[in-house]
Amino acid sequence: ILGRMADMLGLNGYTPSTLAVNGGGPALVSSNHPLIKVNPSGYVKFNPIPWEPVDLNVVKEINKATEVGSNVLSEVWAEKMFQALNENSLLYEELSGNSLF
């Protein structure tokens, strides 16, 4: 329901976004605007291998490896992965020092 409200606000010139704290996401799903889910215990920085930090420069270099035979799915996946890593880093920096309660 709230996601549809965000869609209508967007159609009327506003720039809405939705934020869910500790669940409640399904009621906030919007067709056109992002949903951010926040864990009240803190924000976790993406790092699938704790002993090896993620180097975004390496990810960016791999994304440039487009060739004639590259398929569209792999290009879109790589772009979305890089976007997710950047968003995670940005949110971690902004939210890591803040408390929700």
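Residues are called buried when their relative accessible area is under 20%, exposed when it is over 50%, and partly exposed in between (1.4 Å probe, protein chains only). The structure is a predicted model, in which local features need pLDDT of at least 70 and side-chain atom pairs count only at pLDDT 80 or more, while totals for chains, interfaces and linings use all residues. Residues are numbered from 1 along each chain as its sequence is written, and side-chain values use heavy atoms, with hydrogens and water left out.

The protein contains three helices and two strands, arranged along the sequence as α-β-β-α-α; helices (H or I, at least four residues) and strands (E, at least two) are DSSP runs, numbered from the N terminus. Of its 101 residues, 17% are buried. The accessible surface (Shrake-Rupley method, 1.4 Å probe; for residues, only the protein chains shown count as cover) amounts to about 8,100 Å², and 60% of this belongs to carbon and sulfur atoms. Contacts (heavy atoms within 4.5 Å) were also counted: among those between residues at least 6 apart in sequence, 47% join residues at least 24 apart.

Ile1 lies in the segment before α1 (2-11) and is exposed, because its relative accessible area is 66%. Together with Leu2 and Met5, Ile1 makes a nonpolar surface patch of about 330 Å².

Within α1, the buried residues are Gly3, Ala6 and Asp7. Seen down the helix axis, these residues fall within an arc of 100° (taken from the directions from the axis to the C-beta atoms), so they line one face of α1. The buried residues of α1 pack against β1. Met8, also in α1, is partly exposed at 49% relative accessibility. Met8 and Ser30 are 22 residues apart in sequence, with their C-alpha atoms 9.8 Å apart in space. After α1 comes Gly13, which has a positive phi near 95°.

Strand β1 spans residues 18-21 and includes Thr18. Thr18 counts as buried because its relative accessibility is 8%. Leaving aside residues up to four places away in sequence, Thr18 touches Ala6, Leu28, Pro34, Leu35 and Ile36. The side chain of Thr18 also reaches the backbone oxygen of Leu28 at 3.4 Å.

Technical notes: Patches are made of residues with over 30% relative accessible area and no salt bridge: like charges are joined within 9 Å, nonpolar side chains (Val, Leu, Ile, Met, Phe, Trp, Tyr) within 5 Å. A salt bridge is a side-chain nitrogen of Lys or Arg within 4 Å of a carboxyl oxygen of Asp or Glu. A polar contact is a pair of N or O atoms within 3.5 Å; within protein, one must be able to donate a hydrogen and the other to accept it, and residues adjacent in sequence count only if both atoms are side-chain atoms.
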